[in-house]
Amino acid sequence: LLDTLLHVLNVGVDALNTSTGDLGSYIRSSVLCTLRVLLRILRIQDVLLHSIVPILLESTDVLGFPLNLPRSLTTLEQLLLSRRKSVVQIVSYISCVVSPDVCLATVKILHILSDSPVFNGVDDNLPRGSGMLTLNRLVSFIDNSDESLRIMHGFISCLEADSNAVTESLPDALIGEAARGFTSGLDDQMSTTPSLSIRLSIVDLLLANLSQSKPAPTIAHYLLGFSLTKPASEDLPDPSQRATCLHTILDLLRKENGAFDDFASYSSSMLIQRPRLAERCQHLVYHLCSDPVTSEVTMRYLRARENYFYTQMSTTPATIVPDLQENDSDELVTAGLYSPGKVYAQMHARAWLWRSTALELHTLVLQDSRSRAKLIAEWLVGDASQQVGGSAVNSDVFSVLPGKSAQGFLDSRMRLLALFDSLRQAYRDSSIALQRQHQETEQQYLANQADPLAMDADDGAIVSYDQTNSDYLDSDILDVDINSCVVVNERGCAVYDLHALVALLGQAERALEANGQLSASATRQRVHATIRRLVIRCFFANQEREL
């Protein structure tokens, strides 16, 4: 079966890109379905091999028929290891220009393969005198293939693909999913098109493979342009010599900087339109600057090429969102400008930039490079309303000023303080917008339903209750402990796992039904309303906590 699937992929990316009409449609569908089958296998094979198969083998008497399954089964990665050309063939589909879904599936498969110990092992086929005895198998497969240059340019093209009309958004449908327990927090609620999802997936692939648990060079070092023999010392290539994914990512961040006369012109930037992409790019830069292998080479390149840190700090606006106290417009709120997901990502993007800049300042001081350190330090403590470089732009983009009612030092309009004040203002305004959205969601999904919290079972009279304690009253009615569903997410924030919460509430509902307490339709309706309200409130509580 695997050979049959790989035979479908042997059609090649050239045939996929050039075929037209019905034939082209059939080829695209076949290749995409095959890649998705392989991706699905890679995702669920551990559960199948370690949980399902052993149970089936021990349950032949219960099933009533024998299972002809071998006791020793292996993973798909292990089977692909002996098929070098097939692995390269799969990765080469990143150069597909007729179907973004094909590229996205390719990146996801490559991500899983790069995490596999099978492909992270040392390539035994490397000659002993090559000087690359630590080169992992995945990088070796790609770098030694005839498709290596095309694969590199395929990743670059996917990162470069952009459309000003494509934005990350929070559609109403996802709030509905939250009401039914299909989403838990901010990271999984921003919708994107396939082309934007590819860019996010590529940067995630790069970040995942810069982990210190994976010996360099990995697929990330390869795609970013680091030397495969001396990644910690050999200089990065110039864009004119060899294009890499790092050059493209820096170009994306460079385009982020510009002459923003006001917030309206700034609103078209990547930080506003695609904040998660901006955050991941800044995170990648910080990771490269802080990683022991890539730090020296990366910071030397950024410093020599474009004075990256000063340029980024001095041209990134302090204002995250317009002040709602001055522009309390329903249009701005409904447009998603104050969406916690967007504000959250913008805050993290700035945080990664500030961490990179702090690392640069520390390095410059240790190297006794006082002129560069002075340039950044003077900008940070400078007046936010002063012109820099003969431009009045900074007086506008740094319009959020600290200590408006304070005296003395806090009223000095210092840029460093303006940066932190913008965070407070963005958090405040986003929280206000979140409360409005919460109220609208409850009105939409709980409209025309009686409040179950205090409905007396005898006469149906509504009893008043304290809104602030309503969540606890809801959980008391269902006899559940919602705090048992609290988990710590990847950023260290304690949030409700809505998937677990919905399962817990469903179990509570079935228990009430088994006890005969849901025999009346009115009672059943009230319990359903209670469950829905709990899920909605925990969803918005997650957003507030993460923000």
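Me: What counts as a contact here, and which residues of α24 meet α27?
Reply: Contact means heavy atoms within 4.5 Å. In this predicted model, Tyr427, Ser431, Leu434, Gln437, His438, Thr441, Glu442 and Tyr445 in α24 meet α27. Their partners in α27 are Arg532, Arg533, Ile536, Arg537, Phe540, Gln543 and Glu544.

Me: What is the make-up of the contact of α24 with α27 by class?
Reply: Five residues are nonpolar, five polar and five charged.

Me: Helix α24 (residues 415-445) and helix α27 (residues 521-546) pack with their axes 11 Å apart. Why is α24 called roughly antiparallel to α27?
Reply: Look at the angle, about 170°. The cut-off for roughly antiparallel is over 145 degrees. The angle passes that cut-off, so α24 is roughly antiparallel to α27.

Me: What makes α3 roughly parallel to α7?
Reply: The angle again. The axes of helix α3 (residues 21-57) and helix α7 (residues 100-115) cross at roughly 25°. Angles under 35 degrees count as roughly parallel. Therefore α3 is roughly parallel to α7. Their axes come within 9 Å, and the crossing is left-handed.

Me: Which residues of α3 and α7 meet?
Reply: On the α3 side they include Val31, Leu35, Leu38 and Leu42. On the α7 side they include Val102, Ala105, Ile109 and Ile112. The residues of this contact divide into eleven nonpolar, one polar and four charged.

Me: How do you know that α19 is largely enclosed by the rest of the structure?
Reply: Count the buried residues. A residue is buried when its relative accessible area is under 20%. In helix α19 (residues 308-315), six of the eight residues are buried, so the helix is largely enclosed. The six are Tyr308, Phe309, Tyr310, Gln312, Met313 and Ser314.

Me: What makes a set of residues a nonpolar core?
Reply: Its members are buried residues of listed nonpolar types, joined through side-chain atoms within 4.5 Å. The largest such core has 93 residues. Leu38, Phe155, Ile219, Leu223, Leu224 and Leu284 have the most contacts inside it. A second, separate core of 21 residues includes Val480, Cys485, Phe539 and Phe540.

Me: Leaving aside neighbours within four places in sequence, which residues is Ile219 in contact with?
Reply: Among them are Leu110, Leu138, Val139, Ile142 and Leu205. Ser114, Asn136 and Asn209 are in contact with Ile219 too.

Me: What does the whole chain look like in numbers?
Reply: The chain has 27 helices and two strands. Buried residues make up 49% of its 547 residues. Take contacts between residues at least 6 apart in sequence: 71% join residues at least 24 apart.

Note on methods. Residues are numbered from 1 along each chain as its sequence is written. This is a predicted model: local features need pLDDT of at least 70, side-chain atom pairs count only at pLDDT 80 or more; totals for chains, interfaces and linings use all residues. Side-chain values use heavy atoms; hydrogens and water are left out. Axes are lines fitted to C-alpha atoms, for helices over the stretch in contact, and angles run from 0 to 180 degrees between N-to-C directions. Helices (H or I, at least four residues) and strands (E, at least two) are DSSP runs, numbered from the N terminus. Angles under 35 degrees count as roughly parallel, over 145 as roughly antiparallel, 65 to 115 as roughly perpendicular and the rest as oblique. A crossing is left-handed if the near helix is turned anticlockwise from the far one by less than a right angle, and right-handed if clockwise. Ala, Val, Leu, Ile, Met, Phe, Trp, Tyr, Cys and Pro count as nonpolar, Asp, Glu, Lys and Arg as charged, and the others, Gly among them, as polar. Buried means under 20% relative accessible area, exposed over 50%, partly exposed in between (1.4 Å probe, protein chains only).
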